Amino acid sequence: MQEEERQQARSNPFLAQALEKEKIEGHRLAIIARTVALGLVGLLLPFLNFSPSVLYYEATLLLFIALGWLQLRMASVGYSKAELLLIFADVGLLTLLFTTPNPFFSQDIPTAFMYRFDNFIYFFMFLALGTLAYSYRTVWAMGTWVALLWLIGLGGVSWLGQTIPGLSEAAAIAFEGHPLIREEMDPNSIQAGVRVQEILVFLIVAGILALKGWRSNQLVMRQANIAAERANLSRYFPSSLVDVLAATDRDIGAVRTQEVAVLFTDIVGFTQFAEQHTPEEVMDLLRHYHAFVERSIFQNGGTLDKYLGDGVMATFGTPETKPGDAANALKAAMQLIEETESFNKELETRGITPISVSIGVHFGPVILGDIGPSRRLEFAVVGDTVNVASRLEASTRELGCRCVVSEELIRQAARSEGKDHPEKAFSARDPIKLRGRQNSINVWTV
């Protein structure tokens with residue numbers, strides 16, 4: 001992988017997993033296909049050369065099958081010298097096999113005559129198998145290696161190969177006056193033009209396959225980034241809403257105003273609890289507390305806006321509003337109370353002091369959208385409604401209750417067309433004055 005891809009893989013675990021999975025699965029598939037393909041070639045060879053000398057080629061096929069499984073054993077994501085060496089051994093042995101005579105062949109033939117067997121086509125088979133297992137860079141490297149080795153082999157045959165002059169003389173006599181046919185039929189001719197054509201076409205095919213591999217790699221990276229984005233969304237939104245957000249073309253981060261329900265919850269006396277318990281017990285408490293808070297919010301269609309130490313802020317109606325947002329916020333508040341009671345029973349069995357939670361909920365207009373610099377964008381919900389909800393949560397201490405909600409929230413919840421009416425569990429209280437606000441606000445408690 002290039003440095004940019006390595007950095008993305010380090011920062012995106014989904015990309016690292018996708019690349020590793022793609023590599024291992026592709027390599028396993030390639031080796032199985034390679035074994036089957038070489039097995040079929042092994043069955044074909046006796047029909048092409050029915051003589052004991054064919055055993056030489058059958059033995060080399062077994063060697064190539066063994067090399068393939070060794071490559072699978074050495075497979076790894078990223079740069080691997082051992083893996084590249086085995087790939088080079090593949091194409092190097094193929095070149096040697098196709099440019100040197102079979103030592104067990106009974107007839108004495110010119111070395112150049114080996115080219116007449118058209119064995120170069122098998123390089124295409126190995127290249128195609130390589131596209132299943134290797135990156136586009138390695139595929140292109142295979143193309144250049146084959147081109148270079150085939151040129152070297154051509155030079156070796158030209159300068160060092162065995163020739164039988166009598167065959168060239170016989171071809172010259174037989175095809176006198178036909179120089180083109182004579183050149184084609186001369187057993188000592190390396191047919192340089194044909195060899196160059198093989199190299200050029202192979203490089204073109206390797207380039208096309210490498211380009212296809214690059215496109216596939218980009219697709220894997222895009223899919224991994226989408227998976228990472230969905231994972232980030234799932235931290236704040238229920239899974240059903242994540243699917244909707246992933247499919248929408250709307251800019252979720254665009255700044256806008258809409259009416260939502262805002263919920264704040266907090267552990268009462270958390271500072272004292274932290275003072276009297278070990279850090280491990282404090283963190284264990286927070287993990288369990290945050291877990292059932294998240295569950296209460298998500299199961300009622302809410303959005304987890306942010307964690308505030310031992311507190312949590314949630315919204316109902318972001319990023320998209322729904323008719324039952326107010327009622328859902330009340331349901332979440334009631335579920336929080338029930339979940340806390342259940343959790344306290346667990347704490348008592350472990351000899352830990354039970355906890356109390358405070359909840360405040362308000363309904364009204366908010367401003368939402370992306371805030372912060374471009375390198376540190378954050379989706380935020382701000383406005384007077386948020387401030388009121390926070391103050392309502394703090395007022396539970398003075399009112400001696402677990403949950404305080406605004407009358408506006410109760411009114412909106414009562415308009416819900418659902419069968420459940422969670423507002424009936426709340427009772428009206430005298431108006432209260434909230435810190436930082438001039439006017440009193442009507443509240444309901446439970």
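Predicted model: local features only at pLDDT ≥ 70, side-chain atom pairs only at ≥ 80, totals over all residues.

1. Of its 446 residues, 43% are buried. Among contacts with a separation of 6 or more, 70% are made by residues 24 or more positions apart.

2. Two packed helices are described by the angle between their axes and the distance between the axes. For helix H3 (residues 54–74) and helix H4 (residues 81–99), the angle is about 165° and the axes lie 9 Å apart. H3 is therefore roughly antiparallel to H4, angles over 145 degrees being counted in that class. The crossing of H3 past H4 is left-handed.

3. Which residues of H3 and H4 meet? On the H3 side they are Tyr56, Tyr57, Thr60, Leu63, Phe64, Leu67, Leu70, Gln71 and Met74. Their counterparts in H4 are Ala82, Glu83, Leu86, Ile87, Asp90, Leu93, Leu94 and Leu97. By class, the residues of this contact comprise 13 nonpolar, two polar and two charged.

4. Strand S7 (residues 427–433) and strand S8 (residues 440–445) run antiparallel and are joined by five bridges. Ser427 has Thr445 of S8 opposite it.

5. S7 and S8 form a hairpin, with six residues between the two strands. In the turn, Gly436 has a positive phi of about 90°.

Notes. Residues numbered from 1 in each chain as written. Heavy atoms only, no water. Axes fitted to C-alpha atoms, helices over the stretch in contact; angles between N-to-C directions. Helix = DSSP H or I, 4+ residues; strand = E, 2+ residues; numbered from the N terminus. Parallel < 35°, antiparallel > 145°, perpendicular 65-115°, else oblique. Left-handed = near helix turned anticlockwise from the far one by under 90°. Contact = heavy atoms within 4.5 Å. Nonpolar A, V, L, I, M, F, W, Y, C, P; charged D, E, K, R; others polar. Pairing = 2+ DSSP bridges. Buried < 20%, exposed > 50% of the residue type's maximum accessible area, 1.4 Å probe, protein only.
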